[in-house]
Amino acid sequence: MMRESVRERTGCVVFEGVLGFLNAILSVTVFAAPHWRQTSYNDPNGVPVVHYSGLWQNCSVAACTIIPMAAPAFLVAARIFMSAAVLLSFLAVTLSLSRMWHRAKLLFSVGTCYTAQVVFLLLGLAVFMTGRERGHVGWTYLVGCTTMVVAALCVICSFGLACCQLHHVPTSQPAPTLQKITSSYTPLSQFEASGSTSSEGEN
């Protein structure tokens with residue numbers, strides 16, 4: 001039973017680590033990729049044009065342009081929320097890889113980081129959709145929704161490991177008391193009495 005529980009916890013730790021790395025990679029992808037919103041229209045010549053926009057760039061088939069810092073309020077808020085989400089994802093991975101990962105308090109800290117990341121991802125995705133620009137969501141926005149689901153799974157794994165660690169904390173055996181020692185002690189006189197009795201019986 002002990003070996004099975006250790007294997008289960010090891011599997012959970014590996015699974016949580018893989019999810020953490022995947023979460024960090026997806027967070028960076030969502031933060032940098034410009035395909036948050038996609039707009040399709042026809043130019044004056046009747047040629048269909050596809051336009052992409054993200055947090056930092058506006059792109060078309062020809063080229064990409066940098067969005068200035070003085071962007072609309074919804075875009076600035078989305079940038080702030082997504083920046084916080086990326087930082088929290090790397091902080092959670094760093095704490096998970098530290099040497100003290102097996103301690104329950106640190107696992108609760110990792111779970112708290114992932115929880116805050118889920119909140120910031122939700123806020124960033126929701127705020128971005130408040131913009132009045134036309135078009136529909138691009139693949140980067142869908143990856144952002146996937147990242148939020150992965151971060152939620154990281155929350156479940158981190159808090160689950162923390163609770164499991166608290167449940168399986170080894171308890172040290174109490175030191176033997178003087179009463180237990182004296183109760184288990186057999187006086188030498190009893191051995192002498194038993195020895196004399198056996199000798200008399202032989203005689």
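**Group meeting: sheet, core and pockets of a predicted model**

Good morning. The model is a predicted one, in which local features need pLDDT of at least 70 and side-chain atom pairs count only at pLDDT 80 or more, while totals for chains, interfaces and linings use all residues. Numbering starts from 1 along each chain as its sequence is written, and side-chain values use heavy atoms, with hydrogens and water left out.

Let me set out the overall layout. The protein chain has six helices and five strands, where these are DSSP runs numbered from the N terminus (helices H or I, at least four residues; strands E, at least two). Read from the N terminus, the order of elements is α-β-β-β-β-α-α-β-α-α-α. Of the 203 residues in the chain, 32% count as buried; the cut-offs, for a 1.4 Å probe and protein chains only, are under 20% relative accessible area for buried, over 50% for exposed, and partly exposed in between. Among contacts (heavy atoms within 4.5 Å) between residues at least 6 apart in sequence, 65% join residues at least 24 apart.

I turn to the sheet. The five strands form an open sheet in the order β4-β3-β2-β1-β5, with antiparallel pairing. β4 (64–66) and β5 are the edge strands, each having a single partner strand, so one side of each lacks a neighbour in the sheet. Strands are said to pair if DSSP finds at least two bridges between them.

β1 and β2 run antiparallel and are joined by six bridges. Within this pair, R37 has S53 of β2 as its bridge partner, and N42 has P48 of β2. The hairpin of β1 and β2 has five residues between the strands, and there G46 takes a positive phi near 85°.

What stands on the other flanks of these two strands? β1 also pairs with β5 (residues 136–137), in the antiparallel sense over two bridges, and the partner of Q38 in β5 is H136. β2 pairs with β3 (residues 57–59), again antiparallel and over two bridges. In that pairing, Y52 stands opposite C59 of β3. The hairpin of β2 and β3 has three residues between the strands.

H35 is placed in the loop between α1 and β1. Neighbours up to four places away in sequence aside, H35 touches Y52, S53, G138, W139, T140 and Y141. Its C-alpha atom is separated by 8.8 Å from that of N58, 23 residues apart along the chain.

Next, the interior. A nonpolar core is a set of buried Ala, Val, Leu, Ile, Met, Phe, Trp, Tyr and Cys residues joined through side-chain atoms within 4.5 Å. The largest nonpolar core has 31 residues, of which W36, L55, L75, M82, Y114, L121 and F128 touch the most other members. The elements giving two or more residues to this core are α1, α2, α3 and α4 (139–167). Which residues does L55 touch, not counting those up to four places away in sequence? They are V30, F31, W36, I67, L75, A78, R79, M82 and F128.

Finally, the pockets. On a 1 Å grid over the protein atoms alone, a pocket is an open set of points where a 1.4 Å probe fits, with protein on both sides within 12 Å along at least five of seven lines; its lining residues have an atom within 4 Å of a point.

The largest pocket holds about 190 Å³ of space, a volume being the space filled by probe spheres set on grid points that are joined across faces, edges and corners. Its lining has 16 residues, with V13, E16, G17, S96 and L97 nearest the centre. Helices α1 (2–32), α2 (73–97) and α3 (104–128) each supply at least two lining residues, and the largest share, six residues, comes from α1. By class, the lining has 12 nonpolar, three polar and one charged residue; Ala, Val, Leu, Ile, Met, Phe, Trp, Tyr, Cys and Pro count as nonpolar, Asp, Glu, Lys and Arg as charged, and the others, Gly among them, as polar.

E16 lies in helix α1. Is E16 buried or exposed? E16 is buried, with a relative accessible area of 6%. Beyond four places in sequence, E16 is in contact with S96, V110, Y114, C157, S158 and L161.

The second largest pocket has a volume of about 160 Å³. Of its 13 lining residues, R37, H51, S53, N58 and E133 lie nearest the centre. Two or more lining residues come from each of β1 (37–42), β2 (48–53) and α2. This lining comprises five nonpolar, five polar and three charged residues. Thank you.
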